[in-house]
Every structure is written in structure tokens, then in C-alpha cells.
Amino acid sequence: MASITKRTTKENTETWLVQIRVKGHKTINKTFLTHDEALKYANKEELRVRKNVANPGKADTKAFMNSKFTDVIELYRKEVDSTSKVSMQLRTVVKHFGEITIGEISKKHLKDYIVKMLKEQTHIKSTFKAGTIARHFSSMAKVYKWYADEMEVDISNHPFKTSLLPSGWNVKRERRLSREEEKLLRARMHQAKNGFVWQMLLTFAIETAARLQEMLYAKWDEIDLVAGVWRIPAKHCKTRKARSVPISHKALACLKILKAHASSEDDRIFHWFKTKDGCSGTFKYFTETIGLEDFRFHDLRHEGISRMVLFRRQLSVFEIMKIVGHSSLDMLNRYANLRGEELVERFNARK
């Protein structure tokens, strides 16, 4: 049966713990801020559990399939993840699924979603790419599996298959920044407000091969100028794994210049940039005004990794993977886009 117990936290806040114990079912524990919420949950959940025990599988499977998918997404964002990139992707997803239930999700619905999203305009005035939609599918699958586990429903599959995407969507991106293009980009940045900051960001991005969010979130206490290391905390990393990045001579020179312009109110290194979207949007404007075709800020990470593989010859592949935060050789291979002429130069170089 269900029990409700009043508890007091260390912060002297009252909470209500619901415990549901029914023979043949695992014990359920859940905490609420009010007694009314706890009571409402206890009554509803105990009834569901008892039905499931009396008729194993059928009750929960029916409830699972009849759940509105957008409600499940919002529940996931509320109870599990409200801040990560997955959560941000799910915010986009919920706008396009309406009243459809989990059981009604079909290939047709998902193909229609793909077609619609490929025409949909993003916040930076471009259309969604197939790779982005594939990440949406991955996020939806995560919610689907989480809810099935919560409802104790056995599922062997989910409908969010990337095979539904257009043929060839997963082609490796090979865009690099040529030396001439880099000169043009630096010249354009020089003309902008706080032009020196943009040039520092460009250099730092290439030298460290870091992600944009890692650089914009970076604070001075992450930098050890004596040891020459930038220690990126897990909370700033896409993979949620902390890592250490060696600071090159060029990156160190940038940091010394930026240190002289540090803010007393904002301890971020690149405190001039308020949001990642704003930064990438302005960068896109720079590239467009100088005729730099199909070049995104994230391509600077590709460029940095490629140069690291080519010119940091003292580093092993494993060490480069550690520096850039890749967990597989396949992922490193997708980012290290080596030009034919660069390989010829390396091939003919004297030992």
C-alpha cells in the first residue's frame, strides 16, 4: 500500500515522500513539495501498480501507448533533463507532434516530420539539416526508452530510425579553412566592433580545437598559465566529461591579451559574447559578407583537429583524442579532414 511521510531537508524545507509497496512489484519512492501533490500521485500510482500486478504487462502497455508524446517529452524535461542540448532539441520537437500518442507514431508521421523540418527555418535563418534531424530522432528515442522504463513496459524497438532520412545524409563534412580564407576572415573581423576579440576567438578556436560553448563558458580559474593547461569542467563539455587541453604558444599569447581586458563583473574569458547563438550568428554574417561559402563556426573545430593531426607530430592519436574530447577513432576520423596536398608535403618531408 502507499504511505506518505513528511520530511524536512537540511535547508529546513518540508517535503513529502510517497512510498508504494505492492507484492510482486518493486517499491516506488517519489518526493513532492506539497501533501496534495503527494496524495494525488499516491492514489493514482498505487491503482496503476495493482492493476499491473493483477494483469501483468497489459495495463502498463496500454497506458504507455495511449500517452500523448508531447506530454511525455515535457515530463522528461521536467523530471530528468531541462538544460542539456537534448532538452533544447526536444523543445523544437514538441512544436510539431500535436496530439499524437506514442502508439500512433508511424513511419509516415516521422517522414512528414523530416520533410517539414528540412524546410523549417532555424533561429539563425537557415534550414534544418538532416544531421540535426537525426539528433532529434536520437533525443526522441531517449525519451521513448525512458518512459517505457518508467512504465515498466518491455520494448525491443523504437520507431525513430535514421534510415528514414534522405539517402546520403550522413556524409562526412570535409569543409576546411584555407590560409587565404583565414586572412580574409581576419580582415573582416578586424573591421567589427571589438575586432581584436573576434580574432582572439578565431585563433583560440583553431589552436585548441574546442567547441564554441566550451570557449564561451570558459572562466579564468580554468586556466593554469604556469602549467600551460586549460582544464575544462564536465558541465561545459558536450560529453559531460572533463578534459585538459594544452595551451599552445599562440593560444597563450591570446590569453595574455584577453587577460588585460578581463571584466570585473564577468569572470568568463570571452565575456563580450553573451550567447552561443548570437556569436555563431555574427560569425555567419562575417563569412557571408566576404563570400566564404558553406563555412560554419563549428568547422573551426574540424580545422583545429586537422592541423593538430598534421603538425603536432609528437602527439599520438590517443593523446589527440583526449585533448579534443573524442571517445572513438571513428569520430576523430570524421573531424580530421586532411587535404591531398598536405599529405604529399608530409610524405616528401625529410626525416
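## Exercises on a predicted model

Strand 3 (28-32), helix 1 (35-54), helix 2 (58-66), helix 3 (69-79) and helix 6 (130-150) each give two or more residues to the lining of the second largest pocket. The model is predicted.

**Exercise 1.** Describe the second largest pocket: its volume, its lining and the class make-up of that lining.

*Solution.* 
- Step 1. Start with volume: the second largest pocket has about 1200 Å³.
- Step 2. Go to the centre. The pocket is lined by 30 residues, and Lys30, Tyr41, Glu45, Leu75 and Glu79 are the closest to its centre.
- Step 3. Find the main contributor. Helix 1 provides the largest share of the lining, 8 residues.
- Step 4. Sort by class. The lining has 15 charged, 12 nonpolar and 3 polar residues.

**Exercise 2.** Work out how helix 3 and helix 6 are oriented, and which residues they bring into contact.

*Solution.* 
- Step 1. Take the geometry. The axes of helix 3 and helix 6 lie 10 Å apart, and the packing angle is about 85°.
- Step 2. Classify the angle. Angles of 65 to 115 degrees count as roughly perpendicular, so helix 3 and helix 6 are roughly perpendicular to each other.
- Step 3. List the contact. Helix 3 brings Phe69, Val72, Ile73, Leu75, Tyr76 and Glu79. Helix 6 answers with Met140, Lys142, Val143, Trp146 and Tyr147.
- Step 4. Sort by class. This contact of helix 3 with helix 6 has 9 nonpolar residues, 2 charged and no polar.

**Exercise 3.** Repeat the analysis for helix 8 (residues 195-208) and helix 12 (residues 299-311).

*Solution.* 
- Step 1. The two axes cross at roughly 50° and come within 6 Å.
- Step 2. Helix 8 is therefore oblique to helix 12.
- Step 3. Helix 8 contributes Leu202, Ala205, Ile206, Glu207 and Thr208 to the contact, and helix 12 contributes Leu300, Gly304, Arg307 and Met308.
- Step 4. By class, the contact of helix 8 with helix 12 has 5 nonpolar, 2 polar and 2 charged residues.

**Exercise 4.** Which residue forms a salt bridge with Glu303, and where do the partners sit?

*Solution.* 
- Step 1. Count first: the structure holds 17 salt bridges.
- Step 2. Arg176 is the partner of Glu303, with the closest N and O atoms 2.7 Å apart.
- Step 3. Glu303 is in helix 12, and Arg176 is in the loop between helix 6 and helix 7 (179-191). The partners are 127 residues apart, so the pair links distant parts of the chain.

How values were computed:
Residues numbered from 1 in each chain as written. Predicted model: local features only at pLDDT ≥ 70, side-chain atom pairs only at ≥ 80, totals over all residues. Heavy atoms only, no water. 1 Å grid on protein atoms, 1.4 Å probe; cavity = no way out; pocket = protein on both sides within 12 Å on 5 of 7 lines; lining within 4 Å. Points joined across faces, edges and corners; volume = space filled by probe spheres on them. Helix = DSSP H or I, 4+ residues; strand = E, 2+ residues; numbered from the N terminus. Nonpolar A, V, L, I, M, F, W, Y, C, P; charged D, E, K, R; others polar. Axes fitted to C-alpha atoms, helices over the stretch in contact; angles between N-to-C directions. Parallel < 35°, antiparallel > 145°, perpendicular 65-115°, else oblique. Contact = heavy atoms within 4.5 Å. Salt bridge = Lys/Arg side-chain N within 4 Å of Asp/Glu carboxyl O.
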